[in-house]
Amino acid sequence: MSASKLASNLRHSYRDVPRSFQFHPLVAAENLVCPRFPTPEAVLRGCEHVLATQIACEPFIAAEVRKFYLSNAQIDARQTQKGRRVRPRQPTGLVKLQEMRNSADFVAILNAQRMGLFTVSILIPPESIERDVLNVHHFFYSARTDPLGKNWNLSLQRVITEAVGILRKNTERQLLEMLEKESVEQILRASSHRFRDILIRPPYKATCRDDIQSDEQRSTQPSRMLLREADDGHSPGQYRVLACVYEDVRAPTVFVQLDENGEFVDFLLWPPVAERTAEGVELKLRQERELLTFICTHKPLVIGLATTGLAAQRFYEYLDKFTDDLKKVSSDGAMPKDKIPVEWVPDDAAQVICRSQLSLDEFPEHSEAIRMAVSIGRRLRDPLAELSRLFTHDHSVTSLPLHPLQTLVPASVLVPRLEQFAVTVVNNVGVHAN
């Protein structure tokens with residue numbers, strides 16, 4: 001019985017009776033004794049190993065075993081003693097293999113196994129391959145019940161045992177690689193879609209239309225902010241942004257003014273102030289006057305505030321009230337006539353860009369907080385242009401939080417996928433040649 005004959009029997013569900021020799025297996029092996037196999041037992045074991053390897057490598061048999069695994073196997077993930085010390089309450093147990101397909105969590109499980117925290121194995125019912133897949137009693141073993149037939153069946157049983165061992169090892173390795181590949185692909189897909197959603201967000205558009213009443217006028221007439229830009233001699237849609245970074249009361253507050261092209265113009269620093277004392281209140285009033293002068297000088301059309309945490313929420317309310325007060329006292333010609341809107345700007349990319357070599361080369365004399373504020377303002381003006389700066393030789397884009405498990409994906413795999421989506425978005429939007 002050859003491997004191809006066994007595969008043919010399985011494929012057509014046809015039992016071709018194995019050839020029955022008239023000699024004992026060891027007697028038949030005596031004619032093949034050689035220096036490499038000096039005894040009939042060694043010859044017989046060598047023949048059994050060759051046949052087992054051929055059966056395990058037969059494509060149809062391997063495909064049937066893999067199909068059986070996909071339908072019936074379970075993933076057994078258990079913590080090691082080291083893992084129980086690190087994460088004592090981590091859930092473990094049996095999970096159907098089908099449930100783990102396209103699951104991003106499988107990469108984390110394999111990573112924990114490489115760290116010695118978990119053991120991962122694939123389980124199937126014992127002797128299920130011999131019984132349910134190969135059906136060796138019907139398609140492989142001899143039907144003879146005499147001592148000679150039993151001796152040959154013992155040899156064939158050793159062949160099947162070794163072949164099943166090879167099949168199990170190869171199939172489980174291939175399935176673990178498949179699950180890891182599908183898990184990585186799931187992370188790549190989720191990260192890429194998240195990155196695309198960030199990239200396709202449009203540049204900031206003015207929403208100040210309080211002077212337009214009807215819906216028809218809103219759709220046909222420019223907003224008050226666009227008219228202000230024209231009065232100031234700037235192209236409509238090129239907004240002058242005042243970017244602000246506020247982390248907490250113990251850190252200085254940074255204001256950076258960008259022109260209509262997103263270039264750095266000026267900056268203002270507010271040192272930390274304790275308003276519980278009279279001196280602190282006076283210093284705070286002085287800072288507000290400096291900000292008022294700064295705004296009247298540079299005439300920003302929008303304020304972008306970085307989303308640095310809960311403290312920024314309180315500062316947002318403060319800035320919103322501050323711009324309301326400016327509108328109320330706008331009788332002075334230098335004061336803005338309309339309320340300056342305050343917009344939230346995500347700080348995830350700015351945290352990375354401000355530490356990049358590209359930003360250091362552009363602003364070598366300024367602090368990290370100022371570079372971060374510049375990135376915040378440019379992100380508000382044109383998210384696509386600013387996020388494209390993350391594609392540097394040191395793979396800065398991988399520092400952008402896109403997926404909880406993205407750190408388990410190699411940068412050499414993640415960066416080309418993100419770059420592909422970025423190129424697609426840029427091609428759809430277009431690039432200004434000048």
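The model is predicted: local features need pLDDT of at least 70, side-chain atom pairs count only at pLDDT 80 or more, and totals for chains, interfaces and linings use all residues. Residues are numbered from 1 along each chain as its sequence is written, and side-chain values use heavy atoms, with hydrogens and water left out.

**Aromatic pairs**

Rings of Phe, Tyr and Trp (its six-membered ring) pair if their centres lie within 6.5 Å; planes under 30 degrees apart are stacked, over 60 edge-to-face, and the rest tilted. The count by this rule is 11 aromatic pairs. Select Phe195 and Phe391 next: their ring centres are 5.9 Å apart and their planes stand at 70°, so this pair is edge-to-face. Phe195 belongs to helix α10 (residues 147–199), whereas Phe391 is in the loop between α18 (383–387) and α19 (411–429), so the pair ties together parts 196 residues apart in sequence. Phe195 is buried, at 0% relative accessibility, and Phe391 is partly exposed, at 24%. Here buried means under 20% relative accessible area, exposed over 50%, and partly exposed in between (1.4 Å probe, protein chains only).

Return to Phe315 and Tyr318, whose ring centres are 5.5 Å apart with planes at 35°, so the pair is tilted. Phe315 is buried, with a relative accessible area of 5%; Tyr318 is partly exposed, with 23%. Then show Lys284, which lies over the face of Tyr318 at 4.9 Å from the ring centre; a charge sits over a ring if NZ of Lys or CZ of Arg is within 6 Å of the ring centre and within 35 degrees of the ring normal.

**Nonpolar cores**

A nonpolar core is a set of buried Ala, Val, Leu, Ile, Met, Phe, Trp, Tyr and Cys residues joined through side-chain atoms within 4.5 Å. Select Ile55, Ile61, Leu134 and Phe140, which have the most contacts inside the largest core, of 39 residues. Helix α10 gives the most to this core, with 8 residues. Another core, of 24 residues, lies apart from it and includes Val107, Val184, Ile198 and Leu390.

**Confidence**

Finally, colour the chain by pLDDT, the predictor's confidence in each residue, from 0 to 100. The chain mean is 83. Confidence is lowest in helix α12 (residues 224–231), at a mean of 50, and highest in strand β5 (residues 253–258), at 94.

Conventions
Helix = DSSP H or I, 4+ residues; strand = E, 2+ residues; numbered from the N terminus.
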